[in-house]
Amino acid sequence: MRTILITGQGGTGRTTVAAATALKAARQGTRTLVLTADRTDTLGAVLGVPTGPDPVEAAPGLTAWRPDAAARFRDDLTAFQRRATTALDLLGASRLDAEEVTPLPGAEELALLRALRDAALSERYGLLVVDLPPAPQALALLALPEELRRYLRRLLPPERQAARALRPVLGRLAGVPMPAEWLYETAGRWDIELAAVQSVVEDRATTVRLVAEPGPAGTDAVRTAATALALRGLPVDGLVANRVLPGATNDAWLGALAAQQRKALDEWRETYTVHEVPHRGHDPRGADDLVALAVPGVNTTPTPVEWPVADRLADDGVLVWHIPLPGAIRDELDLIRRGDELVVTVGQFRRIVPLPSALRRCTVAGAALREGELRVRFTPDPGLWPREK
């Protein structure tokens, strides 16, 4: 299954582009699901068909789904209270009834991730189009499965669960109770669910499509989003320049705005595959309006992001890890080696990545940012590197 994640600058018609992309694929014969997490039914307004917690047929071959974050949050909290009955009783805590529970901030995003996983596992669709939040929130959302799994492994290492028979003894020796078995079971279940979501996000057939209006604000938003996506290893298969004004106009104000857009478009084409979507003069509503939008089709041969390790031991005595970071600024870049991991910070974004096996036996010898690529040099550690006989 192909997955297209659509995000970009806020307030630029991302949902409209997502709906038009999904409808175009469905009309070309691909069974398609378009998914959103909006609390309000923006997707339904664009499609002309109300959407909600149950998937609905929006057009032949096209299904639309807007998961109910509140209902899922209530179910999760109720299940958690059942499993933690003993602990809650010891604390004297009172239970929350499902009717009094309201979703916390971020519940919509978690519901979207679960829906993404469920859609991928169902194998009912050939294409999944995901209407993500604006880029800053979307980037945090896409990072969540990997980061939460790392937290779980650090806080509740799976190997400790194997010593369940020793926990009473260890608890007496330490003087504190050891974590209960249900806690490890819960962590294991969460890890499985997060791994399923992470596998969809990181699949080689998953790409990101950015949406922005040409202009200074759009240029800044696109550069930041593209750099952060590259840090996560997510490929951008295109940039949709939405609401592009006609170049020829007798209105001086519109002419100046159109000229500003053209300048931004020229800059974008130097780096991205740009698809222009002309301004329709109104907000698109319904299938006819969506079909009229010149959105790009599905890229059948996506190019995944690669982080290759170049072997230059024979020439320079180093291994070089090439990490593409288009748009990165040297002053906003920071690197820290932490055991078998590398902490990479680019502006407001950070990712902790495990080192490839060969690099774990090396020490960092330096790094350089050149032509939109971070090149980290490693030298073999004599105490760990195999010696030639």
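Mentor: Start with a definition. A cavity is a set of points on a 1 Å grid over the protein atoms alone where a 1.4 Å probe fits but cannot get out; its lining residues have an atom within 4 Å of a point. One caution about the source: this is a predicted model, where local features need pLDDT of at least 70, side-chain atom pairs count only at pLDDT 80 or more, and totals for chains, interfaces and linings use all residues. Residues are numbered from 1 along each chain as its sequence is written, and side-chain values use heavy atoms, with hydrogens and water left out.

Trainee: How many cavities of 30 Å³ or more does a search of the whole structure find?

Mentor: The general idea first. Rolling a probe the size of a water molecule over the atoms shows where empty space is left. Here the search of the whole structure gives three cavities of 30 Å³ or more. The largest cavity comes to about 70 Å³. A volume is the space filled by probe spheres set on the points, with grid points joined across faces, edges and corners.

Trainee: Which residues line the largest cavity?

Mentor: The lining consists of L142, P145, E146, Q198, V201, E202, R232, L234 and R351. Two elements, α6 (135-155) and α9 (181-201), each give two or more residues to this lining. α6 gives the most, with three. Helices (H or I, at least four residues) and strands (E, at least two) are DSSP runs, numbered from the N terminus.

Trainee: How do the residues of that lining divide into nonpolar, polar and charged?

Mentor: Sort by residue type. Ala, Val, Leu, Ile, Met, Phe, Trp, Tyr, Cys and Pro are nonpolar; Asp, Glu, Lys and Arg are charged; the others, Gly among them, are polar. In this lining, four residues are nonpolar, one is polar and four are charged.

Trainee: What does the secondary structure of the protein chain come to?

Mentor: The chain has 13 helices and 15 strands. Sheets come next. Two strands pair if DSSP finds at least two bridges between them. Eight strands make an open sheet, in the order β3-β4-β2-β5-β1-β6-β7-β8, with mixed pairing. Its edge strands, β3 (56-59) and β8 (274-278), each pair on one side only. From one strand to the next, the twist averages 25°. For angles, axes are lines fitted to C-alpha atoms (for helices, over the stretch in contact), and values run from 0 to 180 degrees between N-to-C directions.

Trainee: Is strand β5 enclosed or open, and why?

Mentor: Check burial. Buried means under 20% relative accessible area, exposed over 50%, partly exposed in between (1.4 Å probe, protein chains only). In β5 (residues 127-131), five of the five residues are buried, so the strand is largely enclosed by the rest of the structure. L127, V129 and D131 cover one side, and L128 and V130 the other. Strand β1 (residues 2-8) runs parallel to β5, joined by five bridges. There, L5 has V130 as its bridge partner. Strand β2 (residues 32-36) is also parallel to β5, again with five bridges. T36 of that pairing partners D131, and T32 stands opposite L127.

Trainee: Which residues of β2 are buried on each side?

Mentor: T32, V34 and T36 are buried on one side, L33 and L35 on the other. β2 also pairs in the parallel sense with strand β4 (residues 62-65), over four bridges. In β4, L62 stands opposite T32.

Trainee: Where does R209 lie, and is it buried or exposed?

Mentor: R209 lies in strand β6. R209 counts as buried, at 2% relative accessibility. Contact means heavy atoms within 4.5 Å. Beyond neighbours within four places in sequence, R209 has contacts that include I4, T21, D237, P296 and N299. β6 (residues 206-212) pairs in parallel with β7 (residues 236-244) over five bridges. L210 stands opposite L239 in β7. Helix α11 (residues 252-269) lies across β6, β7 and β8, at about 170° to β7.

Trainee: Which strands form the antiparallel sheet?

Mentor: Four strands do, in the order β9-β10-β15-β14, as an open sheet. β9 (309-312) and β14 (362-370) are at its edges with a single partner each, so one side of each has no neighbour in the sheet. Inside, β10 (residues 318-324) and β15 (residues 373-380) pair antiparallel over six bridges. W321 stands opposite V376 in β15.

Trainee: What percentage of the residues of the protein chain count as buried?

Mentor: Of its 389 residues, 43% count as buried. Among contacts with a separation of 6 or more, 67% join residues 24 or more positions apart.

Key:
On a 1 Å grid over the protein atoms alone, a cavity is a set of points where a 1.4 Å probe fits but cannot get out, and a pocket is an open set with protein on both sides within 12 Å along at least five of seven lines; lining residues have an atom within 4 Å of a point.
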